[in-house]
Amino acid sequence: MSLSMNERIASYGVVPVVVLEDVNDALPLARALVNGGLAVAEVTFRTSAAKESIRIMSEAYPDMLVGAGTVLTIKQVDEAVEAGAKFIVSPGFDPEVVDYCLSKDIPIYPGTVTPSEVGQAVKRGLNVCKFFPAEQYGGVSTIKALSAPFNMVKFMPTGGVNANNLKEYLSCDKIVACGGSWMVKADLIKARDFDKIELLTKEAVALVKEIRG
């Protein structure tokens, strides 16, 4: 039986959140992540290079879980999926975007931080939501509080998660995986230091294994 998208993301524990300004960085970045043990990435739609970067990464590594992040519109959903994105992540809960993805059977992880937003997700049958910005909204303690009335929901916190607090997050059974950019920092990409990115990725993988066993 093939794993669901939620299970595949959970198996990694960490989802690198990538901002690419130059499409020429897409292939070496994907290679660094795959070689480092994280064949998964959320490529944010904040830049003009995002769509083509997703296409390059998806074509070079068909088994890699390449998703699109910071998706704000239906048009962006279509562009991302057409480029090869396997899942969609949005910073907030936009009913129009969520319903569109669900109607097309596209895995969607909408941003939620309040009971009302989580309730909207539950009503639509979603059982994994993004929690963003995680640290600013109380981190693990808020996730645990939300999980009391919504015990069927798990979260993917992003925003302020790093190697120093990853253990606190992944030790919580209501957290599927964490989104993070510490292994794919903009300055490392700009410097084209893909060896360092691969090293940091390996360290992240080792840390997840240490935490989750």
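What follows is a short chat about a predicted model of one protein chain.

Q: What helices and strands does the protein chain have, by count?
A: There are 10 helices and eight strands in this predicted model.

Q: How does the radius of gyration sit against a compact globule?
A: It agrees: for 213 residues a compact globule would come out near 17 Å, and the protein chain has 16 Å.

Q: And what does the C-alpha trace span along its principal axes?
A: About 45 × 40 × 35 Å.

Q: How much of the chain counts as buried?
A: Of the 213 residues, 51% do. The protein chain exposes about 9,600 Å², with carbon and sulfur atoms supplying 51% of that area.

Q: What share of the contacts join residues at least 24 apart?
A: 60%, taken among contacts between residues at least 6 apart in sequence.

Q: Switching to Gly179. Where is it found?
A: Gly179 is in strand 8, which covers residues 178–180.

Q: Buried or exposed?
A: Gly179 is buried, because its relative accessible area is 3% and the cut-off for buried is under 20%.

Q: Which residues does Gly179 touch, leaving out those up to four places away in sequence?
A: Val15, Val17, Met156, Pro157, Thr158, Gly159 and Val161.

Q: Last topic, charges. How many positive and negative side chains?
A: The protein chain has 22 positive and 25 negative ones, and the centres of the two sets are 3 Å apart.

Definitions and conventions:
Residues numbered from 1 in each chain as written. Predicted model: local features only at pLDDT ≥ 70, side-chain atom pairs only at ≥ 80, totals over all residues. Heavy atoms only, no water. Helix = DSSP H or I, 4+ residues; strand = E, 2+ residues; numbered from the N terminus. Buried < 20%, exposed > 50% of the residue type's maximum accessible area, 1.4 Å probe, protein only. Contact = heavy atoms within 4.5 Å. Rg over C-alpha atoms; globule rule 2.2 N^0.38 Å. Areas by Shrake-Rupley, 256 points an atom, 1.4 Å probe, with all protein chains shown as cover. Lys, Arg positive; Asp, Glu negative; His and termini not counted. Charge placed at Lys NZ, Arg CZ, Asp CG, Glu CD.
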